[in-house]
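Please keep the structure open alongside the text while reading.

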Amino acid sequence: MKVDVVLFAYLATFQPDGRGGRHSRTFDLEEGTTIADVIAMIGLPDEPRVVFVNSRHAPEDQVLREGDRLAIFPPVAGG
Amino acid sequence: MREIVRVNMATGAISKEPLPAAWARYGGRALTSALVFKEVPADADPLGPDNKLIIAPGLLGGTAAPNGGRISIGAKSPLTGGIKESNSGGTAAHALGKMGIAAIIIEGVPADKTVSYVLRLFPDGMIDLVARHDLKGLGTYETVAVAKGIEAAEHRFSDKASFITIGPTGEMGMKSAGIAMTDPHGYPNRFAGRGGLGAVMGSKGLKLIAIFEEGLKGTEHADKEAFTAAVRKFANALTTHAVTGTALPTYGTNVLANIINEAGGYPTRNFSSGQFEGVEGISGETMREITLERGGNVKHGCHTGCVIQCSRYYVDKDGHYMTKGPEYESAWSLGANCGISDMDTVAALDRKCGDIGIDTIEAGVMLGVYMASGKIAFGDGPAALAALDEIGKGTELGKILGDGAEATGLAFGVKNIPVVKHQGLPAYDPRPIQGIGVTYATSTMGADHTAGYTITSNVLAVGGTVDPLKPEGQAALSQGLQIATAMLDSLGFCIFVAFAVLDMPEAFEAIHEMAAAHTGEAWDADALMQLGKETLTYERLFNEHAGFTNADDRLPKFFLEEKLAPHDVVFTVTDEELDSVYAFVPEVAAQLGIK
């Protein structure tokens, strides 16, 4: 299945193609892949993060589905 | 003993009086709000002789408390018609704190409207008021440049000077006019922006306040050793938390653009969509990349004592200073809310707002409303800049636009005007982020995100999580944060310390430890919360006296009726829940003996 993955702020450098940037990359994943599986695959550091699937917060054990957009942020704030 | 400085603009009299003993725990917002409550009639004309402009450093102003150098400016607001505390960075709070000044009260109005007055405070305690004819109508940057030249000629100026000023919009009494403070590098780019307080300062004939602190020592502490230990503990928490230690110093506040957009709560084109297709162009990441490429500064503190360092300067293509790195709110209001996705355009608009002296949030919300009227098109940067020029010149059109979003919407027949208590909504749509809607609706300040920043738990997973799309738990979340914020504003802390405080118990402890060690009085968690409640009680009662009722604690109807993409939701927190937020007021008012 195809899932779009976007990484923000300093996590952008972890995109597997090594090119950084905040544009989405399409991952070809096996059915049943979870968010945690993707995080392990791209080797994100073991630190707190905020995860959205299709603009909703999502727990990391959530199973991804065809066409999902997965967005991952490090802890950020401002205002 | 801290003192209050009273300046009468009608007579030119300047006097000092001791801070009342009952207010020994007050500083910053607690003091400005208590003073407005006590001394300003609730029915006063905001631009008339009975209103007072009150400037107060926090209780810990002038000390080494990390991120404790914020300043509060209070008055009755010409924009909202209610009480206002507008909070800013810069260097003035620290200087006033070191002078032992708890507050400056500017009262009365001068008979001669053609003169601009300059109030000067010197390190030896001398204070004078000087009439000048060469500052009228100048922008904030030129005002400060001229003032520096004069003071340098008189051998008074040094780098240890702080300036507080207004642009031409404040002199013209426009309701979106703010008050500018110089930052640690002397740029007048930090603002007490909200609520039209620049117009109040202008109505007093006061163009500039200059504070000279050269040679002043820091304030003394009741227990220096304990204070130093608490400072160390607090600084350690701020520099190790992921938000205050890494994300904010690296990207600035505008690091929020992408996450709020991702969450579907990034108000776009006058709050008609929750996601902006051009967010990448105005995001914090992009701003950092552009600034680094051009050789600009991407990390410094906006106020004395800041260890978070989320401020930055935006430079033009040749590397010259243009303006501060537009904050998240400004990049949103002048960007996404206007359909503008170009950072240089946003920076040019930010610079113009700063120079003519208007609040960037109110300006961007106004421009969004003006664009919705069809008079100019969404996305048209040059037209937006031209509209700001009209404001600066005070043309017939400019006078309407300069009075803000509501005045503009009413003048041009716009249906959806995003304001609460006549003040424009900031950068989070309250439909997909319901907690912030509670804060917008109920805050004593009118629509204000900083008053109770529920984005923490609603979106950022700081201080726990509360589902942003559902009404449950939002009123309690907003209430707790409104109380805590009023407390931080009173001690003089930057509210960004809350990101660490909400997650790290030792950071919260360090706050009451600093307060106790500095003052020698007993402070604990309850005392901190009591300070917040007392502050809000003065504000709420002032607003009641000014005629506000629960009916004013509501969002505009379109947020309850028109669904917002991508989540297709409306605001669903009930009126009953909104009315529960200030349920503590009668009890605290009784404790204070006020009605």
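## A covered helix

Helix α12(B) is mostly covered, since 13 of its 13 residues are buried. The model is a predicted one, and the geometry of this helix can be checked within it: at 1.5 Å a residue, the 13 residues of α12 of chain B, running over residues 360-372, should span 18 Å, and because the end C-alpha atoms are 18 Å apart, the two values agree. Just after α12(B), B:Gly374 adopts a positive phi of about 90°.

## Chain B as a whole

Chain B contains 24 helices and 16 strands, and its C-alpha atoms fill a box of roughly 60 × 50 × 50 Å when taken along the principal axes. Of the 595 residues in chain B, 63% are buried. Among the contacts in chain B with a separation of 6 or more, 72% are between residues 24 or more positions apart.

The largest nonpolar core has 195 residues, and those touching the most other members are A:Val76, B:Ile54, B:Ala103 and B:Met514. When residues up to four places away in sequence are not counted, B:Met514 touches B:Leu60, B:Ala65, B:Phe227, B:Ala230, B:Val231 and B:Phe234.

## Where the chains meet

In the contact between the chains, 29 residues of chain B are in contact with 17 residues of chain A. On the side of chain B that touches chain A, at least two residues each are supplied by α7 (242-251), α8 (256-262) and α17 (455-460) of chain B, and α7(B) gives the most, with 6 residues. By residue class, this side of chain B divides into 17 nonpolar, 9 polar and 3 charged.

## Strands and their pairing

In chain B, strand β12 (residues 206-212) is mostly covered, with 7 of its 7 residues buried. Strand β7 (residues 116-121) of chain B pairs with β12(B) in the parallel sense over 5 bridges, and the bridge partner of B:Leu121 in β12(B) is B:Ile211. Strand β9 (residues 161-165) of chain B is also joined to β12(B) by 5 bridges, but these two strands run antiparallel, and here B:Ala161 has B:Phe212 as its bridge partner in β12(B).

In chain A, an open sheet of 5 strands has the order β2-β1-β5-β3-β4, with mixed pairing. Its edge strands are β2 (25-28) and β4 (56-57) of chain A, each of which pairs on one side only. Strand β3 (residues 50-53) of chain A and β4(A) pair in the antiparallel sense over 2 bridges, and A:Phe52 has A:His57 as its bridge partner in β4(A).

## Backbone details and exposed positions

The loop between α22 (558-561) and α23 (575-580) of chain B holds B:Pro566, and the peptide bond from B:Ala565 to B:Pro566 is cis, with omega near 5°. B:Asp568 is found in the loop between α22 and α23 of chain B and has a positive phi of about 50° although it is not a glycine; because B:Asp568 has 11 C-beta neighbours inside 10 Å, it counts as exposed.

B:Arg269, in the loop between α8 and α9 (284-293) of chain B, has a phi near 45°, a positive value in a residue other than glycine. With 17 C-beta neighbours inside 10 Å, B:Arg269 counts as partly exposed. B:Pro382, found in helix α13 (residues 381-393) of chain B, is exposed, with 10 other C-beta atoms within 10 Å. The C-alpha atoms of B:Pro382 and B:Gly463, which are 81 residues apart along the chain, are separated by 42 Å.

Methods
Residues are numbered from 1 along each chain as its sequence is written. Chains are lettered from A and ligands numbered from 1 in the order in which they are written. This is a predicted model: local features need pLDDT of at least 70, side-chain atom pairs count only at pLDDT 80 or more; totals for chains, interfaces and linings use all residues. Two residues are in contact if their C-beta atoms, placed from the backbone, lie within 7 Å. Helices (H or I, at least four residues) and strands (E, at least two) are DSSP runs, numbered from the N terminus. Ala, Val, Leu, Ile, Met, Phe, Trp, Tyr, Cys and Pro count as nonpolar, Asp, Glu, Lys and Arg as charged, and the others, Gly among them, as polar. A nonpolar core is a set of buried Ala, Val, Leu, Ile, Met, Phe, Trp, Tyr and Cys residues joined through C-beta atoms within 7 Å. A residue is buried if 20 or more other C-beta atoms lie within 10 Å of its own, exposed if 12 or fewer, and partly exposed in between; C-beta atoms are placed from the backbone. The expected span of a helix is 1.5 Å times one less than its number of residues. Two strands pair if DSSP finds at least two bridges between them.
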